[in-house]
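I opened the model to look up its sheet, its surface charge and its backbone geometry. My notes follow in that order.

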Amino acid sequence: MKKWGLAVAACAALLGCATTGGDSGSASSSGSAGDREYSALFDPDPFPSTYRPYPGRPTVIRNATIYDGEGGRIENGQVYFADGRIQAIGPTVDAPADADVVDGTGLWVTPGVIDIHSHLGNYPTPSVEAHSDGNEATDPNTAEVWTEHSVWPQDPGFSRALANGGVTTLNILPGSANLFGGRSVTLRNVPGRTMQDMKFPGAPYGLKMACGENPKRVYGGRNRSPATRMGNMAVARQAWIDAQRYQEQWENYRENGGTRPARNLQNETLVGVMNGDILVHNHCYRADEMANMIDMSHEFGYEIASFQHAVEAYKIPDLLREEGICAAMWADWWGFKMEAYDTVFENIPMVHNAGACAIVHSDDENQIQRLNQEAAKALADGRRAGLQITDEEAWQWLAINPARALGIDAETGSLVAGKRADLVLWNGNPLSVYSRPQMVWIDGALMYDMHDPRRRPVSDFELGQPGEGSVR
């Protein structure tokens, strides 16, 4: 998976022009005049991550039950991390004498929780109209918008997700009013003055797509297309056709010169998707519509990374498995609209049991604080139905599976030597309603300690407000 910014994706992958590493706008010394001029148009990373890990200490956790995030379990295990990375994990590890030692007796260690569907920052708290920046509901296709430009880093929800939910990484999506809602952004859950201070370095962009009731309700209510599900498909297909034409225009210009085509941010995003550099996260509830979306992806040569909400994923787990598509699901949200009606509480474990990629997600500023409990509910429902999935297998739903769907699994999502040291030490079984994070590390830096009030991040917005820094 390429992990390039917009311009690199547009220039190198989309149109094949030469690029030179991190040089932001230099023209290639070879190739046609069209090559050189096109290359000179683009900054390869117009809004680069400025994230820098907080300082950490070499640390070893001992005597804990460890879920590695990929389905493995170690009893009375140890994990050693330093320099922001997991150094060793096992029944015993070699750690320097000066490493900090955390006694994990009676406690559990897991990878940090990853939420693949969040609106923290673009629908922040306080939930008032002035803060409502998640849906550019002005056209069925708003692929030109980037949700990172709506993210308010002072949202108090970030620290609640960290302290109450052990969330270390989250994917912020625009809303689902539109067929193409815009680009998503993956964030590290750390305090930052700007969105870029939180931006996960090298993480691929996503494109939020939507099918079903939301687009047809929003635009049908305005007496315009799409007003039906067939309208949804027709408008989306036309957008892909327009993007193909845009790509062809630039390819012709690259090869032959002539009049330079005008840039179009909508089409740049869609062409990036067709070339595999931008990942599709598709809001879709019904099984038949997911199948339609898959057919459309085949028609235009792109892949779908995840179906979001996917309440009927249990009907097509074999199709999801064959296509390599993850299903991000709730444990038991259903019935709030017609397309969310025909779910089963065994949805998540049924998808997992069929060998497909299952994910637990939130889509809510409160549920993000309890994703461990959501996974536990789904696991219990599956077991009552005879699906015997272990606790450590179920933790994949919160760890390696969302990391894979976000294209960051080489960096995080499991406790493997060399990966980022994103860990949660739970004060009890993490699948118990009574358990909560005791300590949370991100890139090896201790970001939260329930026993140390100084380790409870407080947003600037909260300072001086009643209950500032509370994690209740």
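I began with the sheet: 8 strands form an open sheet with mixed pairing, in the order β6-β7-β8-β9-β10-β11-β12-β13. β6 (113-118) and β13 (357-360) are the edge strands with a single partner each, so one side of each has no neighbour in the sheet. From one strand to the next, the twist averages 25°; axes are lines fitted to C-alpha atoms (for helices over the stretch in contact), with angles from 0 to 180 degrees between N-to-C directions.

I noted the terms here. Helices (H or I, at least four residues) and strands (E, at least two) are DSSP runs numbered from the N terminus, and two strands pair if DSSP finds at least two bridges between them. This is a predicted model, in which local features need pLDDT of at least 70 and side-chain atom pairs count only at pLDDT 80 or more, while totals for chains, interfaces and linings use all residues. Residues are numbered from 1 along each chain as its sequence is written, and side-chain values use heavy atoms, without hydrogens and water.

β11 (residues 304-309) and β12 (residues 326-329) run parallel and are joined by 4 bridges. Phe307 has Ala327 in β12 as its bridge partner.

Next I looked up surface charge. Asp295, Glu303, Asp318, Glu322 and Glu323 form a negative patch on the surface. Glu323 is in helix α8.

Last, I went through the backbone. Most peptide bonds are trans, and most residues other than glycine have a negative phi. I found a cis bond from Thr125 to Pro126, with omega near 5°; Pro126 is in the loop between β6 and α3 (157-165). The bond from Ser225 to Pro226 is cis, with omega near 5°, and Pro226 lies in the loop between α4 (213-220) and α5 (229-256).

Note on methods
Patch = residues over 30% accessible without salt bridge, like charges linked within 9 Å, V, L, I, M, F, W, Y side chains within 5 Å. Areas by Shrake-Rupley, 256 points an atom, 1.4 Å probe, with all protein chains shown as cover. Salt bridge = Lys/Arg side-chain N within 4 Å of Asp/Glu carboxyl O. Lys, Arg positive; Asp, Glu negative; His and termini not counted. Charge placed at Lys NZ, Arg CZ, Asp CG, Glu CD.
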